[in-house]
Amino acid sequence: MKLKSAILAAGLAVSLAACGGGSSDEVSGDDAEKISINKDPFPSTYTAYPSETVLITGATVFDGVGGEIQNGDVLLVDGKISAIGEGLEAPEGATVIDGTGKWVTPGIIDAHSHLGVYPSPSVSALQDGNEISAPVTAEVWAEHGLWPQDPNFTRALAGGITSLQILPGSANLFGGRGVIIKNVPARTVQDMKFPGAPYTLKMACGENPKRVYGYGGGRFPGGAPYSRMGNVAGYRMAWAEAVEYKRAWEKYEKDGGEPPKRNLELDTLKGVLDGDILVHMHCYRADEMAQIIDMSKEFGYKVTAFHHAVESYKIADILAEEGICSAMWADWWGFKMEAYDGIRENIPMVHAAGGCSIVHSDSDIGIQRLNQEAAKALADGRKVGIDISKPEAWTWLSANPAKSLGIFDQTGSLEVGKNADVVIWSGDPYSVYTQAEKVFVDGALMFDRDDEAYQPVMDFELGQPGEGDAK
């Protein structure tokens, strides 16, 4: 099926059923009148595009968790990885792709993107990544500002990106909820939402929140922080309020009576305290990351990942011990004071310490070649004696981001039963000369460099008909 036809078919077949439960829990008996917070009022309506049975043969296969198979085969059936190994037989009716001289990997997952909320064209009318009305805006959700027609989604697809986390910007102490999406053309955000993926909370420390508010914001605490001291005070006040909100709901659920007044900001923070929402925090300096870890223990939540984290190498052992991932650039640093002490060996040093290293983009350009960003980090590590294999380094692009987003049980590796999110590369994926030839999402061919029918174009790019074209 050609991609444009598949898009229409999949759109018409979208299920309106909520994934993960979109309504309040039913109660009975004495609790029949109790209410509960709907944790998923904007449920995923994602439906995978039509797929075929596909056998890729004779390729170099990175399984995404550190393994490599020379002359390997990968079988995709019903949108899942059905088998991986050598000498696999093609089922009847399967499409066989000769992978000789090619590489096969799990699809790349970008853990830090602003596509759709800072889309192209970059005009003020489309800038929806930061809600700068207050330093604490945990009540806003990135998906409510995400434009599915951003043409950068298809550019990322051509670079092997199969899933990504869309985050609010870093102007705020609490920027709001992030959303994890499948990188497929869709009519609505809900049609892109990764089924079963948890929500995330974007937080930011350091220069950005104090810069945005300190030079023109209101008086703290009534308005905004002016310093790192103010940043931490702002976090703690918000978390303290969230703890009381959580206790009020727990008391109501146990004893009944008048329910607490709903507060959308505190709903999100309560979700973190309940373990339902994962914290992803913009933070550059090692000393600040260590303080944030202490604060998280004070209020009983966990930081899932620090982002940008150019000084992670200084506390790599602490991050490993705490089980906190570090999403990093290969060599982007020095553009402001808190980014000044970055080193090119950051990613491999965190990995060598037993930590969870992730290569992320934070860029509509970088997302198109994250495989090359990983290659730079791999080479820089080797130059200083950190010997990491190529298949092991691929964990930075698939398994580790999937773990940080709570979706590793579904994707991030080529393991039997997982979603068939697969990329066929023209050569060694760490080479600057290599391109993604074919990209599968849930087993459906979404991009083919050799077939224009599988090179999706966003409606926005089609433009408007000329004066005589509509006649």
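**Rings, cores and a sheet in a predicted model**

The charged end of K403 sits over the ring of F408, 5.1 Å from its centre, where sitting over a ring requires NZ of Lys or CZ of Arg within 6 Å of the ring centre and within 35 degrees of the ring normal. The charged end of R177 is likewise placed over the ring of Y199, 5.1 Å from its centre. This is a predicted model, in which local features need pLDDT of at least 70 and side-chain atom pairs count only at pLDDT 80 or more, while totals for chains, interfaces and linings use all residues. Residues are numbered from 1 along each chain as its sequence is written, and side-chain values use heavy atoms, with hydrogens and water left out.

**Nonpolar cores**

- The largest nonpolar core holds 88 residues, of which F174, L201, Y235, W239, Y301 and F306 touch the most other members; such a core is a set of buried Ala, Val, Leu, Ile, Met, Phe, Trp, Tyr and Cys residues joined through side-chain atoms within 4.5 Å.
- Helix α4 (residues 228-255) gives the most to this core, with eight residues; helices (H or I, at least four residues) and strands (E, at least two) are DSSP runs, numbered from the N terminus.
- Leaving aside residues up to four places away in sequence, Y301 touches M203, W239, V272, L273, V279, M295 and S296, a contact being heavy atoms within 4.5 Å.
- A second, separate core of 14 residues includes V54, V61, I81 and V422.

**The eight-stranded sheet**

- Eight strands form an open sheet in the order β6-β7-β8-β9-β10-β11-β12-β13, with mixed pairing; two strands pair if DSSP finds at least two bridges between them.
- At the edges stand β6 (108-113) and β13 (356-359), each with a single partner strand, so one side of each is left without a neighbour in the sheet.
- Strands β11 (residues 303-308) and β12 (residues 325-328) run parallel and are joined by four bridges; F306 stands opposite S326 in β12, and H308 stands opposite M328 in β12.
- Helix α6 (residues 286-299) packs on the sheet, touching β10 (278-283) and β11, and its direction makes about 160° with that of β11; axes are lines fitted to C-alpha atoms, for helices over the stretch in contact, and angles run from 0 to 180 degrees between N-to-C directions.
- In a regular strand the side chains alternate between the two faces of the sheet.
- Both faces of β12 are covered, since C325 and A327 on one side and S326 and M328 on the other are all buried; buried means under 20% relative accessible area, exposed over 50%, and partly exposed in between (1.4 Å probe, protein chains only).

**Aromatic pairs**

- The structure holds 17 aromatic pairs, counted when rings of Phe, Tyr and Trp (its six-membered ring) have centres within 6.5 Å; planes under 30 degrees apart count as stacked, over 60 as edge-to-face and the rest as tilted.
- F174 and Y235 form an edge-to-face pair, 6.0 Å centre to centre and with 80° between the planes, which links strand β8 (residues 174-182) with helix α4 across 61 residues of the chain.
- F174 counts as buried at 0% relative accessibility, and Y235 counts as buried at 1%.
- The rings of W329 and F335 have centres 5.8 Å apart and planes at 75°, so this pair is edge-to-face; W329 is buried, with a relative accessible area of 8%, whereas F335 is partly exposed, with 40%.
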